[in-house]
Amino acid sequence: METWSFPDGSIANLVERRQIFDSHQDVNQRLQAHSSLMQRLALDKEMEGHQGCVNAIAWNSKGSLLISGSDDTRINIWSYSDRGLLHSIETGHSANIFCTKFVPETSDELIVSGAGDAEVRLFSLSHLSRKRSEEVAIEPVAAYKCHSRRVKKLAVEAGNPNVIWSASEDGTLRQHDLREVSSCPSAGSSNQECRNVLLDLRRGAKKSLADPPKYCLALKSCDISPTRPHQLLVGGSDAFARLYDRRMLPPLSSSQMKMKAPPCVNYFCPVHLSEHRRSSLHLTHVTFSPNGEEVLLSYSGEHVYLMDVNCDDKSIIRYTAADVPKHFCLAPISGESKRPLPPAVPSSYQLMHRLDVYRNLVQAAARILEEGSNIYYGIEACNEVIDGKGPEVGHSVRHECLCIRAALLLKRKWKNDVYMAIRDCNSALKINASSFKAHYYMSEALLQLGKLNEALEFAEVAGNLASSTCEAEMVATIKGHLVAAEAEKVKKDNEDTPRSETRHGRLRSLSDVLFRAELNSPHSESRYEREDSDYEEEMELDFETSISGDEGRDTESSILRGSLNLRFHRKDDSARESSSIDGAEGSPSSSSQNYYHTLQPEVAIDMKRRYIGHCNVGTDIKQASFLGQQGAFVASGSDDGRWFIWEKRSGRLVKMLAGDEAVVNCIQCHPFDCAVATSGIDNTIKMWTPHAQVPSMVAGGIAGPETADVWGAIEINQRKLCRNRELVLPFEFLERIRMHEFAEGTLHPFECAQS
């Protein structure tokens, strides 16, 4: 094995450096999440103590204690030193606990929880007995009942023992000052009168970047920057994570009147998701990196994406709605074009040796492309060359590698691979604007997207750039595919025309049925108000549900299943737009109309890295986390019971572990040690430490190495992603079905499933 096979160097060298130089902190941080240790992770302890899904885990600041919250409405406190249960607290919540935290700077005596009963509760551990595993029911020192829907996430600020933030599916993020009141609402008041709303996003969601925000953003996650605590990150029921500056937000308000969503500092969204109008696309988790310079977004039915926060960095890709088509394809170059940039010159023998290794990787990827097998390995080789920690490769090698990776992505056809191929083609064209391969693969990518006219333009230019009979035959083949696709499109349009002319009588809308049931509920007036809805399609619905049993690894085990028979009669778009803006508040004022007509184009930040392999469709609390104090690795749970670790810089998968019988939801790295806690549908918490004898990509638990094929497991997950989220009902429909058809706890332990 070569000395640089681990991109972060040798552990022995790091330890020696720590002994010689006075740089303990930097070396310790690098050692905590060294790649060789990540590849040695194995199950250390399975911690038992809950009686339901464990939906939340968090460390205290010292790393000596771990707190967990569960469907059993208990909070457990665990000792890190011996993995033992110290306290099990009956919280009094009437529904699943989704989030729990230690309050900073309180000597770990104050803890807080948020649950599906829409309550936030604060507890003091100072009067608990020192005896271990004592099951006690203690009264909360504060209870905040001002939310109207499930509380999905809590946030605290390091060094601040006085304030807690709670994010709820009611569209509000509230700020609770522990110095002011011990409970809210006060006696005789309604929850709408509590003046603790920091962010009112009940008119904050949007379907695309071009749309004005006007729908309720059901918040799923929030985070406070560890280095700039005035920065607040939120994510919810649309595709956009939002960064706010708390210093620029309006004063705290009540929820009696819906407010316009305050402007955010930045939107974060991969450009290829910014115009997807699928209402099912939403975020399940958002988080800052340890240094506050990056954010990590985990999407339902999608992948995990890394974004930059620093707006001054010129390498960050910013875009508006008008820029989206430009990012999908640059204009093809038909005339004289600039020459490729000169290659970089290595300055040492060691660098030349590494560049030779990179050239060999590119050649191996080219062979894989030609043979059509082991495509994943070919893409990983290209990732190492383009995004690895080695030296910057020359422009010619980089161009070749980008084109090969684009071709491999188009062959693999995993979810959104085509968009990644377009990004590579654009990057290759910036290096060499007269590249035949870049134009050819861009044409193939646009063909897969159904953009036939644009694909033909690139095919024509590729034909002009062809320098051999083989390249000319490749262009002729893709032109033949374009002709066939165009004929199929015309045939389909002709078949659909008679159907569109058919008229049906008005059907009762699903939203009418659900809202009427909601209004007839005796608790509807105090608990839920009708939110503005964009989903007023008329339909008939036949919905049946069942719980899946043990049907093999290829199916999502322990997930609520159903069959739907729908007939849609969509309203006119313009009428629906106006009714959505009016909502339940009557005719809009002139100022409201001016707001929507004068809204300036908003800017979003594009992804810089994508992490693939896991599956996130079954639960809406699935986390993606940074590992280590330097955040050099990224981890996520998965619906197949595994959890995945990637190298942050390159996106390369370094570890896959079996962590649950059904679904892994939560992953939290120890603040200082190389130890990771995970939880999910199982009633237990797993602690992982690097005690395996040899580093490997795959490992199970104490039973030994896992025998499953890594790439086969990933392939199954990608198929699940492609087939599960394209055919579901809009988010708001599913939310109301869950609320009205199933009482909390009746589908135990499936309450953490997608709304």
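**Strands, sheet and cysteines**

Colleague: How many of the 5 residues of strand 22 (residues 304–308) are buried?
Modeller: Strands are DSSP runs of E of at least two residues, numbered from the N terminus, while helices are runs of H or I of at least four. Buried means under 20% relative accessible area, exposed over 50%, and partly exposed in between, computed with a 1.4 Å probe on protein chains only. Strand 22 is largely enclosed by the rest of the structure, because the number of its residues that are buried is 5 of the 5.

Colleague: What kind of model is this?
Modeller: Residues are numbered from 1 along each chain as its sequence is written, and side-chain values use heavy atoms, leaving out hydrogens and water. Local features need pLDDT of at least 70 and side-chain atom pairs count only at pLDDT 80 or more, whereas totals for chains, interfaces and linings use all residues, since this is a predicted model.

Colleague: Which residues of strand 22 are buried on each face?
Modeller: Both faces of the strand are covered. On one side lie Tyr305 and Met307, and on the other Val304, Leu306 and Asp308.

Colleague: Which residue of strand 27 is the bridge partner of leucine 306?
Modeller: Two strands pair if DSSP finds at least two bridges between them. Strand 22 and strand 27 (residues 609–611) run antiparallel and are joined by 3 bridges. Within strand 27, the partner of leucine 306 is arginine 609.

Colleague: Which residue in the turn between strand 21 and strand 22 has a positive phi?
Modeller: Strand 21 (residues 294–299) pairs with strand 22 in the antiparallel sense over 5 bridges, and glutamate 294 has aspartate 308 as its bridge partner. The two strands form a hairpin with 4 residues between them. The positive phi, about 70°, belongs to glycine 301.

Colleague: Which are the edge strands of the open sheet of 4 strands?
Modeller: The order of this sheet is 1-34-33-32, with antiparallel pairing. An edge strand here pairs on one side only, and the two are strand 1 (42–48) and strand 32 (664–669).

Colleague: Which residue of strand 33 stands opposite cysteine 669?
Modeller: Strand 32 pairs with strand 33 (residues 676–680) in the antiparallel sense over 5 bridges. Opposite cysteine 669 stands valine 676.

Colleague: How many disulfides does a search of the whole structure find?
Modeller: A disulfide is a pair of cysteine sulfur atoms within 2.5 Å. For cysteine 222, the nearest cysteine sulfur, that of cysteine 99, is 8.1 Å away; for cysteine 669, that of cysteine 674 is 6.8 Å away. Cysteine 222 is buried, with a relative accessible area of 3%, and cysteine 669 is buried at 14%. The number of disulfides found is 0.
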